[in-house]
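Please read these points with the sequence and the model open side by side. They are meant to be followed in order.

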Amino acid sequence: MNAADTHADTQTPSIQTKVSAIRSQHATFFASQKTKDIAFRKQSLRSLKREVEKREADIFEALKADFNKSVFETVLSETGLVLSELSYIINNLRHWSRSKRVSPTMLNFPSSAALYPEPYGCTLIIAPWNYPFQLAMLPLIGAVAAGNTAMVKPSELTPNTSRIIVEIIEAVFDSNHVTAIEGGIPTSQALLEQRWDYIFFTGSVQVGKIVAKAAAEHLTPTTLELGGKNPCIIDDTAAIKLAAKRIVWGKFLNGGQTCVAPDYILIHKNVKDRFVDAMKNEVQKAYGNDPKSSPDFPRIVNEKNFNRLTAMLEKASILIGGEHDKETLYIAPTLIDEPALDSEVMKDEIFGPILPILSFEDRSQIEKVITTYDKPLSFYVFSKRRLFAEQMIRRYSFGGGAVNDTIVQFANHRLPFGGVGNSGIGAYHGKATFDTFTHQKPVVKRGNWIDVPVRYAPYKGKLNILKLFLKYF
Ligand code: NAD
């Protein structure tokens with residue numbers, strides 16, 4: 001248990017009271033209608049942007065301290081992403097918040113119809129540790145943009161980043177509007193006991209189920225951004241060197257602790273040896289002969305995850321890497337050869353710098369492996385055959401994916417990001433973030449100058465006219 005966790009959670013008896021008090025302050029603030037004002041929302045987001053820019057150097061330091069994340073990767077996958085999402089949402093917010101007319105139906109003649117975007121109310125955001133800054137901030141931006149209040153609980157496993165998140169939120173927002181609370185499982189549980197109007201959770205499947213159960217108690221709508229075992233298929237026509245380069249980048253970024261990273265490789269046996277050689281070369285080019293001394297290679301977040309990951313190496317046949325060091329929580333970029341489907345590394349999402357390679361000769365073998373697991377969050381195909389890639393995309397269900405690259409689907413704010421089945425419910429990024437935190441309220445406005453009598457009782461003799469209306473209008 002880290003300092004933040006101990007500090008917050010040893011006061012367990014008071015957590016419920018504290019959380020409940022904040023929840024009711026948020027409700028009062030929301031009821032004041034202040035968050036419905038678009039100028040207020042935009043001004044809040046602009047202040048947030050300024051504060052993130054001001055604190056960027058501290059965020060770099062925090063992520064370095066939490067798991068040796070480099071400045072480059074922090075800009076790429078944390079602060080840069082948050083700042084560009086802020087700009088995009090600030091610029092489009094007024095337009096998205098307007099009511100939108102939709103065509104009326106003849107059944108309601110005469111009338112007009114419209115969708116009124118409205119905030120849900122008081123929202124709860126629970127974030128994981130692996131992209132600790134952006135996975136707390138992006139949902140927060142959406143919640144505020146859509147006019148909600150927000151309670152943010154960052155992860156206890158990255159205490160330095162969590163502290164900065166709290167400081168930024170305290171500097172920017174009225175605490176009745178947005179509050180951040182540090183703490184571990186007891187804090188999270190206390191938050192989940194409250195009735196929220198929307199819950200946005202990012203984390204593991206296992207905790208996702210706990211969140212879904214708690215939300216069901218109050219019929220609270222949820223977004224669940226979870227994980228899974230993401231396949232990466234490479235056929236015998238793929239551009240092997242380029243594939244290896246893009247896979248090394250997408251897999252070992254963040255030390256492999258990425259929900260959308262390729263979890264395992266399924267490769268045609270004719271190109272496997274070439275691919276393994278290319279991977280060796282690319283790992284060496286990216287992180288040098290000793291990745292442990294590379295300034296760009298992150299560490300495992302804590303000892304629990306380190307032990308979980310090194311257990312996967314115990315009986316494995318290692319093609320590349322495999323070195324590890326408990327003291328510094330270092331695990332080298334590692335490739336494992338042909339693990340059995342019931343081996344440790346193939347049981348669950350790996351979530352670390354370990355990549356198993358399985359070879360196939362025909363599609364039935366691809367089918368057998370992929371259908372062993374629940375629907376993944378991501379899916380990758382490397383091939384020069386468009387038809388093959390298209391068939392793979394259409395055959396399997398997954399949250400999102402890419403052809404001839406990895407994880408890039410995450411970086412386009414025009415593509416909603418989220419899982420399906422076990423990998424999650426709902427999606428966000430860009431406009432989808434605003435939509436996630438918004439209820440589209442449909443309203444019909446009737447005219448009074450004529451009142452078509454068909455729908456009123458007595459119904460005798462009206463059935464055929466009703467059917468005509470239903471069929472043609
Ligand atoms: P986690 O599920 O252990 O923790 C996530 C959050 O839930 C933390 O804030 C934690 O304090 C809280 N929590 C943990 N146990 C809880 C409990 N019993 N009751 C209530 N709250 C609890 O996840 P993690 O280890 O922080 O993150 C890794 C997981 O998150 C991986 O499975 C990864 O795939 C997934 N993930 C998904 C996405 C996505 O966008 N889909 C992004 C990042 C991570």
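Notes on the model

1. Leaving aside neighbours within four places in sequence, Thr310 is in contact with His324 and Ile331, where contact means heavy atoms within 4.5 Å. Thr310 sits in helix H12 (residues 303-311); helices (H or I, at least four residues) and strands (E, at least two) are DSSP runs, numbered from the N terminus. Thr310 has a relative accessible area of 12%, so it is buried. Buried means under 20% relative accessible area, exposed means over 50%, and partly exposed is in between (1.4 Å probe, protein chains only).

2. A word on the source: this is a predicted model, in which local features need pLDDT of at least 70 and side-chain atom pairs count only at pLDDT 80 or more, while totals for chains, interfaces and linings use all residues. Residues are numbered from 1 along each chain as its sequence is written, and side-chain values use heavy atoms, with hydrogens and water left out.

3. The chain is divided into domain 1 (12-226 + 427-440) and domain 2 (231-415), with bounds that come from an automatic or database domain assignment. The C-alpha centres of domain 1 and domain 2 lie 31 Å apart. Across the boundary, 22 residues of domain 1 are in contact with 18 residues of domain 2.

4. Which residues have the most contacts inside the largest nonpolar core? They are Leu48, Leu140, Ile247 and Phe275, in a core of 84 residues. Helix H6 (residues 134-145) gives the largest share of this core, 9 residues. Domain 1 and domain 2 each contribute at least three residues to this core. The term nonpolar core stands for a set of buried Ala, Val, Leu, Ile, Met, Phe, Trp, Tyr and Cys residues joined through side-chain atoms within 4.5 Å. In soluble globular proteins, nonpolar side chains tend to be buried together.

5. Not counting residues up to four places away in sequence, Ile247 touches Cys232, Ile234, Phe252, Ile265, Phe275, Met279, Leu355, Phe382 and Thr406. There is also a second, separate core of 28 residues, which includes Phe306, Phe360, Val381 and Ala389.

6. The ligand is surrounded by 27 residues, and the closest are Ala127, Ser188, Ser204, Leu226 and Glu349; a residue counts as near a molecule or strand if one of its heavy atoms lies within 4 Å of it. Helix H8 (185-193), strand E6 (198-202) and helix H9 (205-217) each supply at least two residues of this shell. The largest share, 4 residues, comes from H8.

7. For the side chain of Trp129, an N or O atom is 3.0 Å from an oxygen atom of the ligand. A polar side-chain atom of Glu349 lies 2.5 Å from a ligand oxygen atom. Taken alone the ligand exposes 840 Å², and the protein buries 91% of that; accessible areas come from the Shrake-Rupley method with a 1.4 Å probe, and for residues only the protein chains shown count as cover.

8. Next, the backbone. Most residues other than glycine have a negative phi, and most peptide bonds are trans. A cis peptide bond joins Phe109 and Pro110, with omega about -5°, and another joins Ala457 and Pro458, with omega about 0°. Pro110 is in the loop between strand E1 (100-102) and strand E2 (111-119), while Pro458 is in the loop between strand E18 (438-446) and helix H16 (463-472).

9. Asn254 is not a glycine, yet has a positive phi of about 60°. The loop that holds Asn254 runs between helix H10 (240-252) and strand E9 (264-268). Asn254 counts as buried because its relative accessibility is 0%.

10. Lys445 is in strand E18. Lys445 is partly exposed, with a relative accessible area of 45%. Leaving aside neighbours within four places in sequence, Lys445 is in contact with Pro110, Ser111, Ser112 and Tyr116. The side chains of Lys445 and Tyr116 make a polar contact (2.7 Å); a polar contact is a pair of N or O atoms within 3.5 Å, and within protein one must be able to donate a hydrogen and the other to accept it, with residues adjacent in sequence counting only if both atoms are side-chain atoms.
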